[in-house]
Amino acid sequence: MPDFPELNRLIHEPARLAIMAILYQIGEADFLYLKREGNLTQGNLSSHLTKLEEAGYVAIKKTLKGKLPLTLCRLTTQGQEVFVEYCKSMSRLLALPGSG
Amino acid sequence: MDEFAGRRAAAYWFSDGLPELAFGLALAACGGVGLAWVLYFPYPWMRLVLLLASAWLLALYLWDRKILDVLKTRLTYPRTGYAQPPRDGYPEGGEYTLTLLKPAAAPSPQNNVTAFRMGTVYIFFCGSLWVSAFEDRWGIAIAMLVIGFVVYWGHKWSERPYSWWSVLPLALTGIPVSILAVPLRAQKFVPMVAGGLWLCCRGAWTLARYLRTNRPRQITEGMSA
């Protein structure tokens, strides 16, 4: 019987997974963009970002672009590595015999 | 389907139509000045006007990210948010394949790409040079058909695929030009003018749709955490 791959539970939550996937693909995005793309409410996104930031997966920087206040988010190196590892675990899980 | 890592960013970059509008205006102005110079104003000072129009196009070609970023800061980012602008070109090292479940590696900024300058805009430049080689009245009609096909096929799998019916008017532009017997020396500017106007129309339509769909926010962006 093959080993059941262990998934990172912090990333496995759908909203946080969406945030990680978006940031992995884009590189850097602001709060509003993540809110729209992830279809999240402001409070929901804020709490998920805080969890990801505390885990060291996401770096958050508050800045100005022209007169526009921006909360810029990007994956840290650790965040990128963890996300890649999560994707590999998921691939292994989906490739297990009997998984379809 | 395999995708660039930054396909999402590249598609977002074009969602407001500003890149197409800016490059379309530059191309149309440059080609239009050239056309006017050849057809109506064969005076030496027109060389200077053509030079200035070309310099504007070159500036946009070199610094389009910075120029468009200034425009987007006022128009796009307050409405739908900021995402890191894509680079122009293709990723180095052949890292073309990535799916969510099979990431080859962490995406480098090189993966976050679009091919607008080296794709769409370059096609019209090369088309203009290519038309000069024709010595026939109907050469421009054939050339525009080929350019239209290249624009359609070249973007079929890109972040901004063009539908065949939207490219059709561009591809058929050469026929009236041939019927009107535009002088051969002026025909080399037709791909730039037609391409520029076509991009302007697309950009203006996309921008109007974007502005209608995304109203300005009442509350400034922020994070409470």
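Among the contacts in chain A (heavy atoms within 4.5 Å of each other) between residues at least 6 apart in sequence, 56% join residues at least 24 apart. The model is predicted, so that local features need pLDDT of at least 70 and side-chain atom pairs count only at pLDDT 80 or more, whereas totals for chains, interfaces and linings use all residues. Residues are numbered from 1 along each chain as its sequence is written, chains are lettered from A and ligands numbered from 1 in the order in which they are written, and side-chain values use heavy atoms, with hydrogens and water left out.

**View 1. Overall layout of chain A.** Chain A has five helices and three strands, where helices (H or I, at least four residues) and strands (E, at least two) are DSSP runs numbered from the N terminus. From that terminus on, the order of elements is α-α-β-α-α-β-β-α. Of the 100 residues of chain A, 48% count as buried, that is, under 20% relative accessible area, with over 50% called exposed and values in between partly exposed (1.4 Å probe, protein chains only).

**View 2. The open sheet of chain A.** Three strands, in the order 1-3-2, form an open sheet with antiparallel pairing, two strands being paired if DSSP finds at least two bridges between them. Strand 1 (28-30) and strand 2 (58-65) of chain A stand at the edges with a single partner strand each, so one side of each has no neighbour in the sheet. Strand 1 of chain A is joined to strand 3 (residues 68-75) of chain A by three bridges, and A:Ala29 has A:Cys73 in strand 3 as its bridge partner.

**View 3. Helix 2 against helix 5 in chain A.** The axes of helix 2 (residues 14-26) and helix 5 (residues 77-94) of chain A come within 11 Å and cross at roughly 115 degrees; axes are lines fitted to C-alpha atoms, for helices over the stretch in contact, and angles run from 0 to 180 degrees between N-to-C directions. On the helix 2 side, A:Leu17, A:Met20, A:Ala21 and A:Tyr24 meet residues of helix 5 of chain A including A:Phe83 and A:Val84.

**View 4. Positive phi at two loop residues.** A:Asn39, although not a glycine, has a positive phi of about 55 degrees; A:Asn39 lies in the loop between helix 3 (31-38) and helix 4 (42-54) of chain A and, at 70% relative accessibility, counts as exposed. B:Ala181, also not a glycine, has a positive phi of about 55 degrees, is found between helix 8 (174-179) and helix 9 (184-187) of chain B, and counts as partly exposed at 42% relative accessibility.
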